[in-house]
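Let's take a walk through this protein together, starting with the whole chain and then zooming in on its ligand.

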Amino acid sequence: MAAILSRPATALLLVALYLLMCAAVWWRHRRRLRQAADAAAALLPAAGAGPPVLVLHASQTGQAEEIAWQTARALHLAGMPVRVAALGEIDRDALRGARHALFIASTYGEGDAPDSAAPFARDLMSADGSALDLSSLEIGVLALGDSTYTHYCGFGRALDAWLRERGARPMFDRIESDRADEHALAQWRQRLSHFAGTADLAEWETPVFTPWRLRARRHLNPGSQGGPVFHLELTPADGSPLPAWEAGDLVQVCVEVDRDAGADNDAQRPREYTIASLPSDGCVELMVRRTTREDGTPGLSSGWLTGGLPLDGTVAMRLRAHASFRIGANADRRLILVGNGTGLAGLRAHLKARAAIRRDTMATTNAPAWLLFGERQSAHDAHYRDEIDTWQRDGLIAHADWAFSRDPAGRVHVQHLLERHAQRLREWIADGAALYVCGSLQGMAGAVDAVLRETLGDADVDGLIRDGRYRRDVY
Ligand SMILES: Cc1cc2nc3c(=O)[nH]c(=O)nc-3n(C[C@H](O)[C@H](O)[C@H](O)COP(=O)(O)OP(=O)(O)OC[C@H]3O[C@@H](n4cnc5c(N)ncnc54)[C@H](O)[C@@H]3O)c2cc1C
Ligand SMILES: Cc1cc2nc3c(=O)[nH]c(=O)nc-3n(C[C@H](O)[C@H](O)[C@H](O)COP(=O)(O)O)c2cc1C
């Protein structure tokens, strides 16, 4: 077209196209902000309705947060004023000023608080919070956990004990939910119904799993000493359009098991996988490592996804927003992306989102990313290397540092790379960078956290968590 238009006309056309795309990106951003504001405004109390019931969540991967919102909606429909917040956003005055507070708290690490609640656990639940008088507060606690961990519901229990020690009065005994079991959730709804003084508290939707079709599967690391990792592509089986999601979100997969063959309840539990793609890719892409159980058999869900499930076969799946691993307010910040193994999935989705913004706005630069990725052998486990090299050539990635623990050069892990580049780390953080960590909790996330604290100091790392500039998707 440029050939048949004069130069000024071509320039004008390009400027108009550029402005149109900027407007589209701005409009999408505004719409997202408006949706968030609408969700909060829908729960605002009517004037003079008294202090709202605090519905506070301590969540890592979103289950506790999802239950908090369902709780709040049900109470709101029953006519009660409510305020939903992350526990980490709450200070002593907010607690002292409230009359009723409901806590939905999951547990991570080894009985620890989820990241978003870590500053609350450290600052308020430490000795420093001992002077707090909560005797005018009535509370309810739902603790989420998994009884296969040693410190079952550790944080929910500690929180409950701490509240009671400060005089808070329980409206009912703490409820503990083992792997989101339905019985405990039904009990929670029943207690809420009693609290709201209504027999017909609005039902909340149980998660809907729908069939998704496996369109493609590729073995990413043949020959590796590590467990086999696969790239999967899935679309809705009924041909319906892809649902919306953002970089950072997860899917939950529910593999059908033959109960008659002696499968226990645990087998029915959905498994999470971090999405490695964006809706604009036209499918949900996952990176799944086939795990091997102690008896040598493959893990139930990863074994099915990487082997049992035939191409074009279907699997029950649903998308889950993972608010605490999304880009949120970090859209314009530099990104430090740290991960290992299948943790690359979440980092890849964030890099794709950055690339998409560049494409949509025709910008030649945006805040750069620094990728630190660890695996076993460079010859086999440099997943998506071509893509990463291209992003680096395009300037989207300023530095890509690879750590291969089984290469002849010696054992190097991502935490060692961070240590080696401590000066750059300090500079990027001083420049406003946000940190995203995705992959193994054991061996990686803890060691990375330790290097961060050593390099930046506890106070700064806690500040980053509080500001949403240190986010993790670790498992
Ligand atoms: C937030 C989050 C994100 C995740 N993202 C990813 C991702 O992107 N990619 C990915 O590959 N994984 C991811 N995972 C891990 C994934 O959800 C599964 O935990 C993993 O695939 C193993 O599940 P499985 O059903 O295959 O194994 P399971 O059958 O549940 O077994 C898992 C392990 O538990 C032990 N085990 C359990 N039951 C038995 C038994 N009966 N006998 C012997 N041993 C047993 C074994 O050690 C085994 O290796 C993520 C997890 C979380 C929480
Ligand atoms: C890496 C990891 C560590 C966990 N550690 C514990 C634990 O120590 N104790 C426990 O009861 N549950 C533990 N859990 C289970 C979670 O608390 C449980 O899955 C919860 O429902 C997650 O809720 P969320 O999505 O709100 O974070 C752990 C889960 C993961 C993935």
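A residue is called buried when its relative accessible area is under 20%, exposed when over 50%, and partly exposed in between, using a 1.4 Å probe and protein chains only. By that rule, 48% of the chain's 475 residues are buried. This is a predicted model, where local features need pLDDT of at least 70 and side-chain atom pairs pLDDT 80 or more, while totals for chains, interfaces and linings use all residues. Residues are numbered from 1 along each chain as written, chains are lettered from A and ligands numbered from 1 in written order, and side-chain values use heavy atoms, without hydrogens and water.

What is the chain built from? You'll find 15 helices and 17 strands, which are DSSP runs (H or I, at least four residues, for helices; E, at least two, for strands) numbered from the N terminus.

Now for ligand 1. It has 20 residues around it, with E272, Y273, R293, S301 and S302 the closest; to be near, a residue needs a heavy atom within 4 Å. Strand 10 (271-274), strand 11 (284-289) and helix 8 (300-308) each bring at least two residues to this shell, and strand 10 gives the most, with four.

Look at Y273 in particular: an N or O atom of its side chain sits 2.7 Å from an oxygen atom of ligand 1. A polar backbone atom of M287 lies 2.8 Å from a nitrogen atom of the ligand, and a polar backbone atom of S301 is 2.8 Å from an oxygen atom of ligand 1.

Key: A polar contact is a pair of N or O atoms within 3.5 Å; within protein, one must be able to donate a hydrogen and the other to accept it, and residues adjacent in sequence count only if both atoms are side-chain atoms.
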